[in-house]
Amino acid sequence: MVFAQAGDEEIYGRLLEELGSYLEALFRRLRIHPELIEDAVQDTLLAVHRARATYDAERPFGPWLLALARHKAIDLERWHGRRWARELQQVDTELVSWVAGERVETKMDLESALAALSESAREALLMTKLWGLSTEEGADAVGIAPSAFKSRVHRAVLLARRLLQGRRSR
Amino acid sequence: MRRPDGRDALIAALRSELTPTRRRVSPTVATAAWLSVTALIGAMAVLGFGPLRAGWSDDLRNVPGVGLEMLAGVLTVLFVGGAVLRLSVPGVPVARTLTLAVLATCAWLGLLVVALLAETPRSTWGLRPFCWAETFLSGLPGLVLGMLLLRRRAPLHRGLCGFLTGFGAAAVPAVLMHLACIAEPGHVLVEHLVPAGLLGLVGAGVGRLVLRKV
């Protein structure tokens, strides 16, 4: 980083590449939404570039980088949460009919059913049924085998259907 | 979803626009500089609006509450100033300074509330009719200076930094008003500290507008 502050493009390029791989692994470990990892990595690299003058060589590099990475991840998750809520509000009849077999009474039913699913199940369901990812793409994003992802989606659908039916029979 | 080749393009772009940067002064040095200049400008502004009230030194000697409130005010200014500049550098530990700033502010407010409830008699000589506006205006230069300093740094929480800058800048004249205006607790709370809080809110808004998003 000190070389980058001095304007050494070659070393700066290498540093950013290494940081990219490190940040990607970090965000995966932190269980950042798979769809957001690349955005989080690129946003953090941009933040490193903008804030590079504030790095003090007498202080450790780790906390400086982690503060930027954490801030970017939180920012993105927050933005993503809002987008998720918006998407849920105008949720597809396609998803509704696919999950429940018929229309749910209220959006609230669907929201609470989705909220009751585990994070990985909800993620798998939304990825394939709302965002239109294929099984392979979804599996790739989550980092598991396509067959495992497929069964995760299947389990999520069964559970969501059961939750919605339980709600309606009440 | 972005693709990995987007990252390569981004890295290439960032590499190509790399320019040497000048090293920023440490948060401690920046804090000391900002606080000194803010205190100097604040004091000049308060004195520019009018002289200190008659008998302020007697009050300081004979009414312990006044001195303690001023001490809490000075500590608030120091810790708030320290927290602002530390917050403007990613990864610099700030929790302790921020906690001390909150504690000092609470102590300042607490002492005033206790004095208010105890109905301790205080001199009502030297009331400045527009002390609230003077406090607010005397803090403005400190806010502007703080914003200029912060713009050269990388504050991650722009609103919070802006709030602390505005509040810290106005807290300087608010402390001095203990000597320049009446030190009656209710008056101090409403006419001296509320403007400091207001300048904090202004700072939060300005911070979100003018500070660079990292």
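Student: How many helices and how many strands does chain A have?

Tutor: Helices (H or I, at least four residues) and strands (E, at least two) are DSSP runs, numbered from the N terminus. Chain A has nine helices and zero strands. This is a predicted model, in which local features need pLDDT of at least 70, side-chain atom pairs count only at pLDDT 80 or more, and totals for chains, interfaces and linings use all residues. Residues are numbered from 1 along each chain as its sequence is written, while chains are lettered from A and ligands numbered from 1 in the order in which they are written.

Student: What is the mean pLDDT of chain B?

Tutor: pLDDT is the predictor's confidence in each residue, from 0 to 100. For chain B the mean is 89, and 98% of its residues reach 70 or more. Chain A averages 77, with 77% of the residues scoring at least 70. For the complex, the predictor gives an ipTM of 0.76 and a pTM of 0.71.

Student: How many residues of chain B are in contact with chain A?

Tutor: Two residues are in contact if their C-beta atoms, placed from the backbone, lie within 7 Å. Here 24 residues of chain B contact 30 residues of chain A. On the chain B side, these residues comprise twelve nonpolar, five polar and seven charged. In this division Ala, Val, Leu, Ile, Met, Phe, Trp, Tyr, Cys and Pro count as nonpolar, Asp, Glu, Lys and Arg as charged, and the others, Gly among them, as polar.

Student: Which residues of helix 8 of chain A are buried?

Tutor: A residue is buried if 20 or more other C-beta atoms lie within 10 Å of its own, exposed if 12 or fewer, and partly exposed in between, with C-beta atoms placed from the backbone. In helix 8 (residues 135-142) of chain A, the buried residues are A:Gly138, A:Ala139, A:Ala141 and A:Val142. Seen down the axis of this helix, they fall within an arc of 160 degrees, so they line one face. The arc is that of the directions from the helix axis to the C-beta atoms. After helix 8 of chain A comes A:Gly143, with a positive phi near 85 degrees.

Student: Which residues touch the most other members of the largest nonpolar core?

Tutor: A nonpolar core is a set of buried Ala, Val, Leu, Ile, Met, Phe, Trp, Tyr and Cys residues joined through C-beta atoms within 7 Å. The largest has 53 residues, of which B:Val80, B:Ala83, B:Phe167, B:Ala170, B:Ala171 and B:Leu199 touch the most other members. Helix 7 of chain B supplies the largest share of this core, 13 residues. A second, separate core of 32 residues includes A:Ala4, A:Leu45, A:Ala67 and B:Leu14.

Student: Against which helices do the buried residues of helix 5 of chain B pack?

Tutor: They pack against helix 4 and helix 8 of chain B. Among the buried residues of helix 5 of chain B are B:Trp108, B:Leu111 and B:Leu112. B:Val113 is also placed in helix 5 of chain B, but B:Val113 counts as partly exposed because it has 14 C-beta neighbours inside 10 Å. After helix 5 of chain B comes B:Glu119, whose phi is positive, near 50 degrees.
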